[in-house]
Amino acid sequence: MTLLLQALINGLMTGALIAVPAVGFSAIFAVLRYPNFAIASYATIGAFAAWWANVVLGLPIIPALVIAFAIAGTVGVVAEESALSRLRGNGALIVAIASIALNLVLENIIRFFFGNDMRGYDLPLMRDMRFGDLRIGPQQLQSLALAVVIMAAMFAFLRYTRFGKAMRAVADNPDLARLKGIDPARIAIVTVFLGAGLTGVGGVLIGLDTSIDPLTGYRVLLSVFAAAVLGGLGSIPGAVVGALALGIAEELALIAVPATYRTAVGFIAILIMLTFRPRGILGERAV
Amino acid sequence: MTPLLTVTGLKLDFYGVHVLRGVDLAVPAGSFTGLIGPNGAGKSTLFNAVSGLYRPKGGTVALGSSDATGLPPEELVAAGLVRTFQLARGFPKLSVFQHLMLYGADQPGENLLAGLFGSAAARRREAELAGRAFDIARRLKLDHVLDNPVTALSGGQKKLVEIGRALMARPKILLLDEPMAGVNPSLADEIAEHLVGLNREGLTICLIEHDMALIKRLCEPVVVMAEGKTLTQGSFEEVAADIRVQEAYLGRRH
C-alpha cells in the first residue's frame, strides 16, 4: 500500500515536470501543425541558461527560471525563423525531420561551450519530509509548485488575453482567423517563443531534481512526446493530463520491472494510444 | 459599367506548379455569376488568391474601380469582399451566435479599453450587432441553434453558418465555395432559395458549384475554368454548347 502511494506521489511529481515542456510542445504543434523535436535542445538550453544565472551570477531560482524562459524562447524563435519556417510548406514530416537535425546542431553547440560534464544547481540540501512511511523531497515539492503556477499562467494567457485567443483561433482554423485580420505568421512567432520558453523552464525544473548535461532535454524527449500524444496532440490541457498519466504509469511500472525499462513505458503508452484512440485523451481530431 | 470584381491575368504557383496561369474574370454588379470547371481547374485557388489568403504571382484584382491586388484578407472583408469556405469547419469551440458576432464589422470589443471597461458607444454597437445576428439567424432558420457549438450542427447547417457569418460583414460581393456540396437535397434547395433571395436584394454573388442543374437554375453569367485559365463565359446554354467546355470535362476527342 505504501509502495503504491509512494509510486503515485512520485508519478504526480515527475508528471508535473514533464507537463511543462509537453505544454510547450503541444502549443507549437497546435499552431504550426508539426512535431518540433528540437524542443529537447530548447529544454537543455533553458537548463544551462538557468545554471549560468544561478551558479555563475548567483541569482536565486525564480529569476533564473525567467532567464531560462527568455533565452530558450529566443533561441527557439531564431532557430524556427532561420531553419524551419521555410520548410513549413513542404509538409509536417519534412519539418519534423529537420527539427531532429536542428536538435543535434543545438545540442552540440551546448557541448562546445559547456562540455559534457554534469552540473548541478546551487541549491541547499534538504532532508526529505516524511509522512508516516511516505517520503517527499522539499525540492520536488517546490518544483511541483512552480510547475503548477507556470501552467496556470499559461492557461490564463490562452484563455483571457487577446493574444491567447488569437493563438487558439489560428490553431482551430487559420484561414478563418485571417479573414478577421489575425496574421498567422505573427502568431507562429509568439507561439514558438512561448513553447520553446516553457520547454526551457521545463528543462530547469527537471534539472533541479538531479543534474544537467547536454543530453538533459534529449532524455525526456520521448516522455514529452508520449505525454502529448497521450493527451491528444495539440491539446494543451491534454498535454497536462497525458504527462500526469505517463508519470504515474512510469512509476507504477517501476514496481514491477527494473528501472532500465522505464523509457519503454513511453513507447508502450504511444503504441496503445495510437492503436485504440489515435486522437488522444482530450484531442479533438485524429492526427 | 465597371464590374464589381475584375480579375485580370491572375497567376499563382505552388513550388513550381502553375495553378493559376492567367485567369480573367469579371463579375458584374448584381449578378449571380457561376464559376465551374473540372476538379483541379483552380477555382478554389482563385477564390483564395482573390480573397487575400494567397499572394498572387502576377495579375490584378480590382473591386469596382479601385485596385485590390495583394490586400490582406481583413481589408478585403472591410471593403465588402467576403468569402465562404468549402470545408465549413468554423471555430469548433464557438457557438453559432458567437460565430456571427465575431464577423460583425467594427466590433467595439476589439478595442482594448472599450473591451475592458465598456463604453456606451461600444454597448450600443454590440447590441446593434446582436440584433443583426438575430435577424440573419432568423432569415437562415438558424435561430433555434444559436447557442449550439458549430460542431453539433449538421453539414448543411454549418454551410448556413458560413453564409450567415459572411453576411454579418455586410458584403457587397459574396464568394461562395460550394455552399451546397455534401448537403442533403432539401436543405441544398433551401440554401439555393436563400441565395436567390439575397441576390434579388442586390447582393452580388460568385458561386463555385459542381451541380450543373443548380448552375443552370441560378447563374448568369457562367464562367468556365480549366487548367488554371478561364476558358469561356456566357449564359449556361452558350457555355454548355461550347465544344471546348465539353472537352475540358470529358477529355479531348481523338
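The lining of the largest cavity comprises three nonpolar, two polar and four charged residues. The model is a predicted one, and the space in this largest cavity amounts to about 50 Å³. The residues that line the largest cavity are B:Ala88, B:Arg89, B:Gly90, B:His99, B:Val150, B:Lys158, B:Val161, B:Glu162 and B:Arg165. Helix 6 of chain B, residues 155-168, gives the most to this lining, with four residues.

In total, the structure holds two cavities of 30 Å³ or more. The second largest cavity contains about 40 Å³ of space, and its lining is formed by A:Met13, A:Thr14, A:Leu17, A:Gln140, A:Ser143, A:Leu144 and A:Asp209. At least two residues of this lining come from each of helix 1 (2-32) and helix 5 (138-160) of chain A. Sorted by class, the lining of the second largest cavity has three nonpolar residues, three polar residues and one charged residue.

Attention now passes to a strand of chain B. How many of the five residues of strand 9 of chain B are buried? Five of the five residues in this strand, which spans residues 222-226, are buried, so strand 9 of chain B is largely enclosed by the rest of the structure. Burial here means a relative accessible area under 20%. B:Val222, B:Val224 and B:Ala226 point one way from the strand, whereas B:Val223 and B:Met225 point the other way, and all are buried. In a regular strand, side chains alternate between the two faces of the sheet.

The partners of strand 9 of chain B can be taken in turn. With strand 3 of chain B (residues 32-36), strand 9 of chain B pairs in the parallel sense over three bridges. Within that pairing, B:Gly34 has B:Val222 of strand 9 of chain B as its bridge partner. With strand 10 of chain B (residues 229-234), strand 9 of chain B pairs in the antiparallel sense over five bridges, and B:Met225 stands opposite B:Thr230 in strand 10 of chain B. Strands 9 and 10 of chain B form a hairpin with two residues between them. In the turn of this hairpin, B:Glu227 has a positive phi of about 50 degrees.

Finally, the confidence of the prediction may be considered for chain A. This chain averages a pLDDT of 89, and 99% of the residues score at least 70.

Notes:
Residues are numbered from 1 along each chain as its sequence is written. Chains are lettered from A and ligands numbered from 1 in the order in which they are written. This is a predicted model: local features need pLDDT of at least 70, side-chain atom pairs count only at pLDDT 80 or more; totals for chains, interfaces and linings use all residues. Side-chain values use heavy atoms; hydrogens and water are left out. Buried means under 20% relative accessible area, exposed over 50%, partly exposed in between (1.4 Å probe, protein chains only). Two strands pair if DSSP finds at least two bridges between them. pLDDT is the predictor's confidence in each residue, from 0 to 100. On a 1 Å grid over the protein atoms alone, a cavity is a set of points where a 1.4 Å probe fits but cannot get out, and a pocket is an open set with protein on both sides within 12 Å along at least five of seven lines; lining residues have an atom within 4 Å of a point. Grid points are joined across faces, edges and corners, and a volume is the space filled by probe spheres set on the points. Ala, Val, Leu, Ile, Met, Phe, Trp, Tyr, Cys and Pro count as nonpolar, Asp, Glu, Lys and Arg as charged, and the others, Gly among them, as polar.
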